[in-house]
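Okay, thanks for coming, everyone. Have a look at the screen first.

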Amino acid sequence: MTACLLCQRPIDVKLTLPWVLSWQPLRQPVVCATCWQTFTPIIASQACPDCGRAQLSRTPCRDCQRWAPLAFYNQALFTYNDAMQAYFEQYKFKGDYRLRQVFAQTLLTRLETLKPTIVVAIPVTPETMTTRGFNQVTGWLAEGENPDWLQTKSQAKPIPQSQKTRQDRLLTTQPFELAANAPTLVNQTVVIVDDVYTTGRTMRHAASLILETGAKSVVGLTLAR
């Protein structure tokens with residue numbers, strides 16, 4: 001019997017007659033129903049159309065109204081609540097790579113609906129790769145997929161993003177450049193994948209760079225907002 005990756009309690013899988021008759025392989029859950037219900041999904045019809053923030057209408061939120069126009073929008077899957085914060089603490093900051101499995105299938109399912117021709121992951125610095133050993137974003141993506149065509153200009157972050165104030169984030173200069181092995185992005189439909197959309201500064205830097213190379217469209221996809 002499989003144990004929940006978050007609470008370690010056994011997961012009881014109940015087989016239904018429709019599934020038995022479908023002859024489909026059994027997809028073993030990695031999170032129990034109790035833990036899964038602590039996460040709050042964002043309903044697309046009740047989210048900001050520009051950043052994906054959960055709200056009561058489809059009009060751009062106040063934060064997005066302050067940005068200069070850019071041919072870009074972001075979709076977010078979950079609200080950044082206490083459960084999501086605890087997840088990132090264990091997965092991203094304590095380096096529990098097993099936890100990539102918690103949201104991998106959910107994110108990949110949404111990614112398929114966006115029909116990208118090219119997927120680009122927001123990178124981490126070389127220092128982070130050395131200390132943590134993995135990029136939390138590429139951990140969710142399909143095995144064998146290597147969308148590391150965006151890279152950071154610096155070897156390390158003097159101040160981690162998670163410790164910056166909103167004003168500090170907004171004043172961040174363009175931190176990215178295209179890797180030497182990046183494919184041509186001209187006329188491509190590009191989806192940029194990141195973990196959390198906070199102020200939007202990181203995603204908009206990446207989107208601006210990709211649009212400047214001639215991409216046809218750029219969409220962001222983040223696990224949380």
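So, let's start with a pair of side chains: aspartate 195 and lysine 92 are both buried, where buried means under 20% relative accessible area, exposed means over 50%, and partly exposed is in between, using a 1.4 Å probe and protein chains only. The two side chains meet in a salt bridge, at 2.8 Å from N to O. By salt bridge I mean a side-chain nitrogen of Lys or Arg within 4 Å of a carboxyl oxygen of Asp or Glu. Aspartate 195 sits in strand 5 and lysine 92 in helix 4, so this pair ties together parts that are 103 residues apart in sequence.

Quick housekeeping before I go on. This is a predicted model, so local features need pLDDT of at least 70 and side-chain atom pairs count only at pLDDT 80 or more, while totals for chains, interfaces and linings use all residues. Residues are numbered from 1 along each chain as its sequence is written, and side-chain values use heavy atoms, with hydrogens and water left out.

Now, how many salt bridges does a search of the whole structure find? The search turns up four. One of them is arginine 53 with aspartate 63, with the closest N and O atoms 2.5 Å apart. Arginine 53 is in the loop between helix 2 (33–36) and helix 3 (62–65), and aspartate 63 is in helix 3, 10 residues apart. Arginine 66, at 58% relative accessibility, counts as exposed.

Okay, zooming out. The protein chain has eight helices and six strands; these are DSSP runs numbered from the N terminus, H or I with at least four residues for helices, E with at least two for strands. From the N terminus on, the order is α-α-α-β-α-α-β-α-β-α-β-β-α-β. Of the 225 residues in the chain, 40% are buried. Taking contacts between residues at least 6 apart in sequence, 74% join residues at least 24 apart, and contact here means heavy atoms within 4.5 Å. The chain exposes about 12600 Å², with carbon and sulfur atoms supplying 54% of that; the areas are Shrake-Rupley with a 1.4 Å probe, and for residues only the protein chains shown count as cover.

Next, some helix packing. The axes of helix 4 (residues 82–93) and helix 5 (residues 100–114) come within 11 Å and cross at roughly 115 degrees. Those axes are lines fitted to C-alpha atoms, for helices over the stretch in contact, with angles running from 0 to 180 degrees between N-to-C directions. Which residues make the contact? On helix 4 they are Met84, Tyr87 and Tyr91, and on helix 5 they are Arg100, Val102 and Phe103.

Back to strand 5, which covers residues 189–196 and has threonine 189 in it. Threonine 189 is buried, at 17% relative accessible area. Setting aside neighbours within four places in sequence, threonine 189 contacts Lys115, Pro116, Thr117, Ile118, Lys216 and Ser217.

Then there's valine 137, in the loop between helix 6 (126–132) and strand 3 (150–152). Buried or exposed, this valine 137? Valine 137 counts as buried, at 0% relative accessibility. Isoleucine 122 is 15 residues from valine 137 in sequence, and their C-alpha atoms are 7.2 Å apart.

Glutamine 8 has a positive phi of about 70 degrees although it's not a glycine, and glutamine 8 is found in the segment before helix 1 (17–22). Asparagine 187 is another non-glycine with a positive phi, about 65 degrees. Asparagine 187 is in the loop between strand 4 (176–178) and strand 5, and at 56% relative accessibility it counts as exposed.
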